[in-house]
Structures are given as C-alpha cells and as structure tokens.
Amino acid sequence: MDRKSISLPRLAVKFGLIAGFAIIYCAAVGMTSRFFSRTVINEVLNLGDFLFIAFCLIAGYALGKPRALPGDAVPDRAQPTAVAYGAMAGAVAGLTAWLFLFIASNVELRSVLISVTTSLVERMSYGGSLGSALLFYVVGGAFLGALGAAPWLLEQRKRTALVVAFAMTVVISLSEPLLRPILTTVLLKVRLTTSWLYFGGGLSRVGAIIVFLASGLIYYFWKTRGEEVQSRFGDMPDQQRQIIKIGALVLLVAFLLYLPAILTSFLAEVLGTVGLYVILGLGLNIVIGYAGLLDLGYVAFLAVGSYSTALMLSTRHPWGLEWSYLLAVPITILIAIVIGIMIGAPVLRLRGDYLAIVTLGFGEIARIVVLSDWARPIFGGAQGILGIRAPELLGTTLREPEKLYYAIVICVLIVAFISVRLSKSRVGRAWNAMREDEQVAEAMGISIIGYKLLAFATGAAIGSISGIFFAIKLGSVFASSFNIIVSINVLALIILGGMGSIPGVIAGAFVLVGLPDLLREFADFRLLIYGAILVALMLFKPEGLIPSRRRKLELEAASEEEDTQYDKRAGEGGTEPVVTTT
Amino acid sequence: MSLLEVKGLTKRFGGLTAVDSVDFHVDQGEIVGVIGPNGAGKTTLFNIVTGFYDPDEGEMRFDGKSLVGLKPNQVTNMGIARTFQAIRLFPAMTVLENAMVGQHCRTRAGLIGAIFRGPRTRAEERKIEERARDALGFFGNRLLPRADELSSSLSYADRRRLEIARAMATEAKLLLLDEPAAGMNPQEKEGLVRLIGRLRDERNYAIVLIEHDMPVVKNVSDRVVALDYGKKIADGTYAEVASNERVIEAYLGARHEESA
C-alpha cells in the first residue's frame with residue numbers, strides 16, 4: 001500500500017483557509033460588528049477582535065498537534081518546526097481575512113450582505129489604509145498562529161493547563177452577566193467588591209491575569225495530584241464512598257436551594273427556564289436515550305401539560321373550572337399519559353427514521369389542532385388561554401421567578417432521581433435491550449409493545465410536568481410557544497450533553513438554553529452558534545459533554561475496532577478477520 | 001409425551017414454500033440436530049417455533065400447550081429460548097446485563113418498583129443478578145471475569161457463548177441453537193460439543209441445533225432431522241440419516257454444496 005506522507009505546508013494552508021473563512025463568515029453575518037461592543041478584557045480586548053484572535057489561535061493549535069502515519073506511534077510533543085507551520089496557517093488566515101476587506105472596500109457587497117457596512121470595514125482595518133491592514137493581518141495572523149501551535153512544544157499536562165486557562169478566562173469573562181451579580185451579592189457579605197475582577201462588561205486587566213493564572217495552576221496541580229486523590233477515593237470501602245457521594249449531593253442541593261437568595265430575579269428566571277428544559281430533556285432522554293425511540297414531536301407533551309393546566313385553572317376561560325392544583329396536576333399527568341399512549345400506539349411498528357418522521361408530524365398536529373378554529377372555543381386559537389391562577393403553597397403564591405425556581409429545582413431532582421432509578425432496573429434493561437435489537441429483545445421475553453408504550457407514557461408524563469410549570473410561569477398559554485423548534489432544542493441538548501447521561505442533560509440545558517439567555521450579544525446568532533457547537537462536538541467529542549459510562553466505553557470500543565481493521569488492511573501481522581454471514 | 005411436538009407445519013412466502021408440512025418432535029433431555037443444505041428452511045422452522053413467523057398450517061405444542069399465534073416473548077415465557085445464526089447480542093450492554101435481560105421473563109418488577117426500589121424489588125434484582133451470574137458461570141472463566149465489560153468487547157467465540165448464556169438465563173426447558181459452531185476453529189468446536197453435552201447432562205435442557213458442521217452434528221446429536229426444500233427427508237440416528245440416499249442426494253447431488 002502506498003504510504004502517503006503528511007504534508008504540513010498543505011495542512012497549514014488548509015487550516016488557514018478554514019480559519020480565514022470562519023472570520024469572514026462571522027463578519028459577513030454581522031456577528032463581528034455586534035461583538036465589537038462587548039468587552040472581553042477591559043480596555044484590552046473586545047469580542048469582535050477576539051473572533052479574529054481565536055480563529056488564528058485555533059488554526060495554529062490544530063496544526064501544531066503532532067501527527068503520525070497510521071500504525072506509527074503519535075509523538076507526545078511537536079517539533080519546533082510546527083510553530084513555523086502554525087505561523088503559516090495564521091498568516092494564511094490573516095491573508096484570507098484581508099482579502100475580504102479588500103473586496104469589501106472595492107466592491108459594493110451591502111446589497112447582498114447587509115452587515116458588511118463601511119464602518120465595519122473601517123473598524124476591521126483599524127483605521128489604517130488597506131496596505132497597512134494587509135501587513136497587520138498577515139503578521140498578526142502569523143504571530144497568533146505560532147502562538148497557537150507553541151503549546152504543543154510543552155509536555156501534555158502543561159499544554160492542557162494553558163488551554164484550560166485560556167478557555168476559562170474567556171468563559172468567565174463572557175459569563176459576566178451571570179457571575180457578576182452573584183459575586184457582588186456574595187462578596188458584599190464579606191465587604192468586598194467585584195471591581196477587581198470585572199470591569200465594564202468584561203474582566204478587568206488584573207482580573208484576567210488572575211483568572212488565567214489561577215485556572216491554569218489549579219488544573220495543573222489537580223492533574224498532578226488528582227490521580228492520587230481519585231485512587232484513594234477508589235480504595236475506600238463502598239460504604240464510605242456512598243457517604244461521600246451523598247454528602248456531595250446534599251451540598252449541591254443546598255447550593256441550588258440557596259442560589260435564589262443571591263440571584264437577581266432575571267437570573268432566577270433564566271435558571272427556571274433551564275430547569276424546565278432539564279425536565280424536558282430528562283423525559284425525552286428516557287424515550288430516546290433509554291428506549292431508543294427517536295421522538296421528534298416531544299413538544300406535544302409540553303403543550304398537553306400547559307393546556308390541560310390552563311383549562312383547569314384559568315379564571316378567564318369560558319369553562320371557568322378554576323380547580324385546585326392538587327387536582328389539576330395529577331389529572332394533567334394522567335391526560336399526558338393517555339395521549340402518550342395514543343401517540344405511541346399507531347407507531348409501534350415503526351423504527352428509527354420512520355418513527356422520527358411520524359412523531360414530527362404528531363408534534364405539528366398538536367400545534368395546529370390547538371390553533372384551529374374548530375378547537376377555538378376550547379383552546380382559544382391564536383389568542384391562547386389567559387389568566388392562569390398561580391398555585392398557592394405554604395401561604396405564598398408561586399409566580400415570581402425566585403419562588404417558582406424552588407418548585408422547579410425540586411421537580412428536577414425528583415425527575416432526575418426517577419431517571420437514575422429507572423436506568424438501573426429491570427425496566428431500564430428491557431428498554432436498553434429493545435434499543436439495541438428489538439427482535440432479540442422480543443426473543444428474550446420482553447413485550448415490545450408494552451415497553452414501547454411504557455416509554456412513551458413515562459416520557460409524556462415528565463414532559464407534561466414541564467408544561468405545568470410553563471403555564472404557571474407565563475400565566476397564559478399560546479400555541480406559538482409549542483413550536484417544532486422546542487422539540488429540536490430538547491433533542492439537541494440531549495445530544496450535546498451525551499445521550500443517556502443525566503448530568504449531560506443538565507449541562508446541555510445550561511449550554512443551549514441558559515447561555516443564550518445570558519449572553520444577549522449572542523441572541524441573534526443563537527441558531528448559528530448552536531449549529532457550530534453541535535458540528536464541532538460531533539467531530540471532536542461525539543460522546544457528548546458528560547457522556548454516560550456506557551456510551552464512552554462503546555465509542556472507545558468502536559474506535560479500537562476501526563484501528564484493528566485498519567491494521568488488518570495494512571496486512572501486517574493480525575489474524576484473518578472472521579467473516580460472519582447473515 | 002414429547003416436549004415439543006410439531007405436526008404438518010407449513011410456511012409459504014409468496015410462491016415459495018419455505019417449510020412444507022414438517023412433522024417433528026423433541027423429547028425431554030434430547031439433543032436433536034437439524035441439517036440440510038442452505039435454504040432448506042431450517043432457520044425458518046426456528047422462526048416459526050419461536051413465534052417470529054406465524055405458520056400457514058400445522059400445529060405446534062410445547063409441554064402440551066399450543067404455540068400457534070403466540071408472540072416471540074410469549075413463546076420465551078413458555079420455556080423456549082434461542083440463539084441467532086449471526087450473533088445478535090446487545091452490544092452496548094455489559095456481559096452481565098446481557099444475561100440479566102434473559103431473566104426478564106421470569107421476573108415482575110415494573111416502573112413503580114424500579115422507582116421506589118422496595119424490599120421486594122431489591123430481592124428480585126439480587127435474584128436476577130445471581131441467576132445471570134450462574135448462567136455465565138456455566139462457561140467457566142470465559143465470561144464471568146468479563147461480566148462488567150461491554151459484550152461487544154468479547155472475542156467471537158465468547159460472544160457465541162454469551163448468546164447461549166443469555167438463552168440459559170431465561171430458564172428455558174428447550175434451547176434452539178442456530179449454527180452455534182459457525183466461525184469457530186476445530187478446538188473451539190470440540191469445546192462446543194462438550195458444552196452442549198453438559199447443557200443436557202448438568203442442566204437438563206432439551207436442545208435443537210441447526211448445524212452445517214457434520215462432525216459436530218455427529219458427536220452431539222441423539223437424533224438428526226434432515227430438511228430439503230422445506231420438507232423433512234430423514235429423521236433418525238446420525239448413522240441412519242447419513243446413509244439415507246435422499247440426504248446424500250441433497251448434499252452431493254445436482255446442487256453444489258459445501259463440504260460437510
């Protein structure tokens with residue numbers, strides 16, 4: 001077999017072009033100009049400039065990664081020449097970005113790309129002429145590319161510490177709207193301010209240095225000492241380990257319940273929304289992650305929950321039921337279960353993509369029925385149902401975000417508990433078996449019909465709980481809230497977090513639901529960033545942010561298999577692969 | 001009375017009669033080999049007995065109760081378990097979990113039990129694990145030490161073993177093994193023959209196996225049934241069937257067949 005060598009110059013051009021086009025793309029859609037007004041580090045760096053810096057760094061870093069031909073061992077560190085190639089990649093990226101500037105200032109692009117304004121071009125040329133901008137971009141790009149590749153010269157622990165420090169600085173700076181109010185309240189109690197850390201919408205200069213050093217050092221020492229701690233934890237007797245785990249859980253719960261005391265009501269609302277999506281995610285995770293039924297119409301159950309609650313509690317609905325929540329909640333869940341089974345029954349014979357399409361249809365049907373003139377006397381058409389009374393509990397009304405937050409956190413904990421219990425049970429095993437191979441599961445005595453319906457019903461019940469909160473939170477329901485995009489969001493957060501993993505669902509909800517609400521600058525580009533994150537994640541971390549142990553093993557096994565197959569094709573050693581016939 | 005009694009079993013796929021009025025029985029503690037050229041209807045026969053296909057005609061009785069019209073999971077409940085020609089484990093589940101799934105039909109715990117995990121559920125869960133480990137333990141140290149690894153990480157022969165363990169965990173009385181020796185080397189085949197003997201002697205299973213490997217069939221079967229074009233053409237001891245003219249014709253005759 002022809003053994004191709006790796007051409008680093010070619011890779012440098014390739015990565016440089018990719019980074020360059022990414023920079024151009026961000027500028028062309030208007031992200032860059034919007035981001036100029038967002039501070040990353042006070043008076044040093046804004047988010048718009050940071051885009052250019054980040055892409056050049058990433059191109060350099062990607063190039064610096066040591067490579068080897070298949071079969072050879074991949075070296076841990078890069079050769080010093082890698083830095084030169086990193087510089088080359090950065091220079092190509094800079095040149096590409098400059099070419100865009102050149103075109104934009106000579107050709108009228110605004111008729112097509114409305115965001116490419118003269119002020120953007122001026123801003124991106126940094127006040128100089130095109131000629132000086134060329135120099136600036138190519139030299140700057142080269143410098144950044146080299147900087148990006150340089151960490152590969154270090155040993156792995158130091159390198160990762162640098163990357164972590166960089167990432168943490170960016171994350172902490174961008175979470176300013178979230179962290180600053182919290183820190184302010186907390187630090188006020190010990191008579192401190194946050195001005196040393198945050199200044200004007202981003203990190204202060206000192207703050208940036210502190211965060212960078214602190215996170216890098218913490219990571220470095222955790223890596224050096226962490227294994228020891230972990231192995232000591234592993235050596236502990238089961239009972240002791242159990243106690244530590246429970247203790248950690250109690251601390252987490254206490255923190256979650258204490259949180260509203262230090263949150264602004266805006267933050268409590270954002271966290272409440274995240275909580276609702278966590279509930280939805282956990283519910284859908286049972287249907288998709290456990291039972292393997294690709295349901296794209298999950299929003300229907302959110303709608304069922306909201307509308308049932310609304311019907312039973314609205315003070316302005318013609319039915320005027322105005323029941324108690326004590327009655328309304330169980331009835332809502334019951335209705336959701338019945339509808340879950342009704343939707344599940346006709347699709348019992350469908351699998352995979354077919355199931356996805358049909359459930360997608362069901363989701364839309366739910367929305368259209370609610371919107372229809374025919375159902376207007378009940379669901380109120382586009383006007384929705386208004387005047388949903390908030391529940392009264394322990395003498396207070398659950399409507400303010402802070403109070404509702406408590407109720408949502410408790411529900412999230414209950415649903416998470418149910419999820420954990422189910423995953424390690426006879427029912428969970430039956431679902432998993434069904435997901436893996438329906439026919440064999442049936443041959444092992446599992447009633448496919450029963451367990452599919454059970455999965456749909458459980459998912460529906462959990463989804464409807466989220467719907468109840470949704471109705472309480474808004475005090476009204478409108479059909480437009482139950483768009484297909486909700487189903488897609490929930491699915492995306494499951495995939496992002498790691499299919500089948502409960503911490504993954506929570507992390508996914510934070511990233512996909514919480515962050516866009518907090519980072520107002522991103523709001524318009526939410527879907528764009530969604531897409532980019534998902535694609536990147538599927539490429540580099542297909543098991544998700546916090547994968548379940550099982551899924552991790554599975555992917556490791558799969559990649560090992562690929563490797564051995566490759567070895568076999570190379571025809572060196574290795575036994576004959578066993579051929580099985582179906 | 002026979003454990004499994006099949007009479008006049010017929011299955012047609014369009015114009016093709018895959019299984020053509022086959023009579024067939026398995027007694028308690030008996031090992032029956034089913035042989036026949038490719039496409040003779042052996043696997044179809046298994047699929048009918050285990051409820052994957054409904055027969056067009058005929059009667060099947062297991063322990064005196066009719067199997068006709070039952071779903072696969074109901075057939076398993078009655079005490080018939082099978083393995084598959086192409087190994088079909090649950091790849092993303094551990095070895096132990098694969099075997100534990102086999103216990104599904106012998107246990108009860110539902111959603112509520114799973115959530116509250118009361119004493120009864122916990123006892124049942126312990127029983128499931130115990131029995132699954134017992135089934136794995138039948139294969140000596142092949143499966144048990146790897147109980148917590150993913151089943152997809154097992155070697156080919158161990159996957160075959162796990163398929164049998166999973167079937168054993170259903171607490172069946174009759175095991176249907178579809179080409180258990182496929183893809184095994186001679187030593188592994190010898191081990192398989194011993195194993196199947198032990199399944200009967202130590203665990204009292206009745207076994208039906210489809211097999212192309214004649215030495216395996218010869219060494220393990222009390223009785224051999226030969227199929228060709230969906231019809232039963234011979235039934236008797238290995239010696240009788242091997243010397244049967246129709247069998248020889250089916251294997252060596254007009255059609256070119258794999259060497260036995």
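Me: In the hairpin of β9(B) and β10(B), which residue takes a positive phi?
Reply: In this predicted model, strand β9 (residues 223-228) of chain B pairs with strand β10 (residues 231-236) of chain B in the antiparallel sense, over 5 bridges. The hairpin leaves 2 residues between these strands, and the residue that takes a positive phi, near 50°, is B:Tyr229.

Me: Within what arc do the buried residues of α5(A) fall, seen down the axis?
Reply: Helix α5 of chain A spans residues 118-125, and its buried residues are A:Leu120, A:Met124 and A:Ser125. Seen down the axis of α5(A), these buried residues line one face of the helix, because they fall within an arc of 130°.

Me: Which exposed residues does the face of α5(A) turned away from its buried side carry?
Reply: The buried side of α5(A) has cover that includes α1 (8-28), α2 (31-35), α4 (81-106) and α6 (130-149) of chain A. The face turned away from that buried side carries the exposed residues A:Thr118 and A:Ser119.

Me: Which residue just after α5(A) takes a positive phi?
Reply: Helix α5 of chain A covers residues 118-125. Just after α5(A), a positive phi of about 55° is taken by A:Tyr126.

Me: How far apart do the C-alpha centres of domain 1 and domain 2 of chain A lie?
Reply: Chain A is divided into domain 1, residues 8-153, and domain 2, residues 252-488. The distance between the C-alpha centres of these two domains of chain A is 44 Å.

Terms used:
Residues are numbered from 1 along each chain as its sequence is written. Chains are lettered from A and ligands numbered from 1 in the order in which they are written. This is a predicted model: local features need pLDDT of at least 70, side-chain atom pairs count only at pLDDT 80 or more; totals for chains, interfaces and linings use all residues. Two strands pair if DSSP finds at least two bridges between them. Helices (H or I, at least four residues) and strands (E, at least two) are DSSP runs, numbered from the N terminus. A residue is buried if 20 or more other C-beta atoms lie within 10 Å of its own, exposed if 12 or fewer, and partly exposed in between; C-beta atoms are placed from the backbone. The arc is that of the directions from the helix axis to the C-beta atoms. Two residues are in contact if their C-beta atoms, placed from the backbone, lie within 7 Å. Domain bounds come from an automatic or database domain assignment.
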